[in-house]
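Q: Could we go through this model together, beginning with the charged side chains and then moving to the interior?

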Amino acid sequence: MLIDDIKKRALNDNVPIIQDEGIEFLIKFIKEHDIKRILEIGTAIGYSAIKMASINSDITVTTIERDEVRYKEAVKNVNECELNDRITLIYGDALEVDVDGNYDLIFIDAAKGKNIDFFEKYTSLLVKGGYVITDNLSFHGYVYMNENEISSRNIRGLVRKIKKYINYLKTNEKYDTTFYTFGDGVSVSKRK
């Protein structure tokens with residue numbers, strides 16, 4: 001199956017894609033909440049966009065990727081899966097491109113340090129009662145570690161930004177947010 005090949009290539013080439021538990025949750029969530037229009041921040045090579053669009057034929061996905069090599073690979077993968085009529089790929093930095101439309105779900109799986117910016121820029125496109133799902137909130141377990149135990153200054157900085165985003169979600173009065181520890185840590189924020 002083509003999607004398995006895409007996943008295998010991602011893992012072989014160290015392309016970050018959503019973990020199995022995360023994608024299983026996402027697929028189940030989309031089915032249970034009758035999600036039809038999805039905006040994804042962070043395409044990588046198209047794995048999660050293809051998985052989401054493949055749930056059923058009335059789902060459309062708009063997805064943004066800033067890395068040119070990954071974007072081109074995603075275009076190729078989407079075409080090979082014959083989903084280019086339902087997956088719209090946008091090349092560019094998600095904070096610089098303009099996207100229009102209304103979405104039932106925004107899936108944030110991009111630069112972890114910019115989650116608040118992505119949330120604030122794109123939630124105006126959510127339908128009433130829409131959802132924002134964010135991946136990688138445990139960041140390979142680093143978020144739960146004592147910062148003094150993290151040797152990399154860059155990772156410590158990212159962990160601080162992720163913790164700031166988690167706090168932002170907890171204190172955001174316009175959304176109810178639930179946090180899950182499976183996969184690499186996931187949040188679901190529902191517009192009140």
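Q: Is Asp176 buried, partly exposed or exposed?
A: Asp176 is partly exposed, with a relative accessible area of 47%; buried means under 20%, exposed over 50% and partly exposed in between, with a 1.4 Å probe and protein chains only. This is a predicted model, in which local features need pLDDT of at least 70 and side-chain atom pairs count only at pLDDT 80 or more, while totals for chains, interfaces and linings use all residues. Residues are numbered from 1 along each chain as its sequence is written, and side-chain values use heavy atoms, with hydrogens and water left out.

Q: What does the side chain of Asp176 meet in a salt bridge?
A: The side chain of Asp176 meets that of Lys192, at 3.7 Å from N to O, where a salt bridge is a side-chain nitrogen of Lys or Arg within 4 Å of a carboxyl oxygen of Asp or Glu. The pair links distant parts of the chain, with Asp176 in strand E6 (residues 175-180) and Lys192 in the segment after E7, 16 residues apart; helices (H or I, at least four residues) and strands (E, at least two) are DSSP runs, numbered from the N terminus.

Q: And how many salt bridges are there by this rule?
A: The count comes to 11. One of the pairs is Asp20 with Lys7, whose closest N and O atoms are 2.7 Å apart; Asp20 lies in helix H2 and Lys7 in helix H1, so this pair ties together parts that are 13 residues apart in sequence.

Q: Lys112 and Asp109, buried or exposed?
A: Lys112 is buried, and so is Asp109, and the two form a salt bridge with their closest N and O atoms 3.4 Å apart.

Q: What about Arg86, where is it found?
A: Arg86 is found in the loop between H4 and E3. Arg86 is buried yet has no salt bridge, and the nearest side chain of opposite charge, Asp85, is 4.6 Å away. The Arg86 side chain does reach the backbone oxygen of Asn56, at 3.0 Å.

Note on methods:
Lys and Arg count as positive and Asp and Glu as negative; His and the chain ends are not counted. A polar contact is a pair of N or O atoms within 3.5 Å; within protein, one must be able to donate a hydrogen and the other to accept it, and residues adjacent in sequence count only if both atoms are side-chain atoms.
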